[in-house]
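Here is a short note to read beside the model. Please keep the sequence and the 3D view open while going through the points.

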Amino acid sequence: MTPAEHTKAAADLLSAERTGKQIGLLTLRHPNMGMDDAYEVQNAIYRAKLAEGRKVVGWKIGLTSKAMQYALNINIPDSGILFDDMVFDSGATVPAGRFIQPRIEAEIAFVTKSSLGGDTVTREDVIAATDYVSPAIEILDTRILRVDPTTGKTRTVFDTISDNAANAGVVLGTARHKIDAIDLRWIGALTFRNGEIEETGLGAGVLNDPIESVVWLARRMATYGQSIEPGQIILSGSFIRPVECPSGAEIHADFGTFGSVDICFA
């Protein structure tokens with residue numbers, strides 16, 4: 001893809017976000033599209049949002065579970081950007097029409113107290129840079145079709161990365177924990193929709209340890225000359241399958257002694 005094509009794809013995705021009308025698969029439009037192209041489209045969205053006055057408040061990591069990697073025929077996670085207008089309080093209601101096809105995932109969030117960057121970042125560096133960890137919900141949305149109606153082709157990881165890794169929102173629980181006070185591998189979540197259990201999972205589903213997910217992010221960002229800044233939120237990756245959230249959905253994610261998170265969809 002050319003720089004002009006990256007910019008056009010980003011503009012189309014931003015238009016879809018504003019209008020609620022999805023666009024077709026970018027991988028059909030650009031059959032030779034690759035990973036670098038996908039991140040260039042995402043970066044074009046980043047630049048456009050900054051120009052609109054948005055601020056970056058953190059990062060999300062996706063495709064951290066083996067099941068999702070196998071499903072998309074990829075062996076590495078992906079990442080996206082959290083902007084200030086994506087943050088919701090636990091217990092809030094998402095206004096009707098805010099998202100196109102919202103879904104949620106349960107995750108462990110890291111909030112930093114110091115910068116974190118470089119291609120040699122270690123677990124110890126992540127622990128030292130983390131202010132606290134909290135239960136969280138990521139809200140996903142798709143500004144791009146999941147399946148092309150004509151060919152039946154499904155979106156690929158390149159489509160998803162271009163679409164800011166399908167990120168749309170973040171909901172932090174109020175509980176805060178010291179990162180070294182608990183084994184995050186054993187943090188579990190029971191995720192309910194309208195009072196019925198939908199998904200369960202353990203933190204170990206995220207690269208065997210959510211800390212390793214943040215290590216991966218910091219090292220990947222280093223290849224683009226980026227770093228994680230103090231006070232930013234890092235969504236370390238889901239350990240449940242996405243839960244669909246049509247109008248009227250009430251979500252409760254119970255992390256046991258780690259805390260809980262709630263979000264409703266009008």
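**Notes on the model**

1. Start with Arg185. Arg185 sits in the loop that runs between strand E7 (167–172) and E8. Helices (H or I, at least four residues) and strands (E, at least two) are DSSP runs, numbered from the N terminus. This is a predicted model: local features need pLDDT of at least 70, side-chain atom pairs count only at pLDDT 80 or more, and totals for chains, interfaces and linings use all residues. Residues are numbered from 1 along each chain as its sequence is written, and side-chain values use heavy atoms, with hydrogens and water left out.

2. How exposed is Arg185? Its relative accessible area is 27%, so Arg185 counts as partly exposed. The classes are buried (under 20% relative accessible area), exposed (over 50%) and partly exposed in between, with a 1.4 Å probe and protein chains only. Setting aside neighbours within four places in sequence, Arg185 is in contact with Leu202, Gly203, Ala204, Asn208, Asp209 and Pro210. Contact means heavy atoms within 4.5 Å. Lys49 is another matter: Arg185 and Lys49 are 136 residues apart in sequence and 35 Å apart in space, C-alpha to C-alpha.

3. Next, the sheet that holds E8. This open sheet has 5 strands in the order E4-E13-E12-E8-E9, and its pairing is mixed. Strand E4 (92–94) and strand E9 (196–202) are the edge strands, each pairing on one side only. On average, neighbouring strands here are turned by 20° against each other, direction ignored. Axes for such angles are lines fitted to C-alpha atoms, for helices over the stretch in contact, and the angles run from 0 to 180 degrees between N-to-C directions.

4. E8 covers residues 188–193 and pairs with E9 in the antiparallel sense over 6 bridges. Two strands pair if DSSP finds at least two bridges between them. Within this pair, Thr191 has Glu199 of E9 as its bridge partner.

5. Strand E5 (residues 103–112) is mostly covered, with 10 of its 10 residues buried. In a regular strand the side chains alternate between the two faces of the sheet. In E5, Arg103, Glu105, Glu107, Ala109 and Val111 point one way, while Ile104, Ala106, Ile108, Phe110 and Thr112 point the other way.

6. Which strands pair with E5? Strand E6 (residues 130–140) runs antiparallel to E5 over 10 bridges, and Phe110 stands opposite Val133 in E6. Strand E10 (residues 233–238) is antiparallel too, joined to E5 by 4 bridges; there Glu107 has Ser238 as its bridge partner. Strand E11 (residues 243–244) pairs with E5 in the antiparallel sense over 2 bridges, with Arg103 opposite Glu244.

7. Helix H1 (residues 3–19) has 17 residues and reaches 24 Å from its first C-alpha to its last, close to the 24 Å expected at 1.5 Å a residue. In H1, His6, Ala9, Ala10, Asp12, Leu13, Leu14 and Ala16 are buried. The buried residues of H1 pack against helix H2 (26–29), helix H3 (35–51) and helix H6 (157–162). Gly20 follows H1, with a positive phi near 80°.

8. Last, Arg220, which lies in helix H7 (residues 210–222). Leaving aside neighbours within four places in sequence, Arg220 is in contact with Tyr39, Ser79 and Gln226.

Note on methods:
The expected span of a helix is 1.5 Å times one less than its number of residues.
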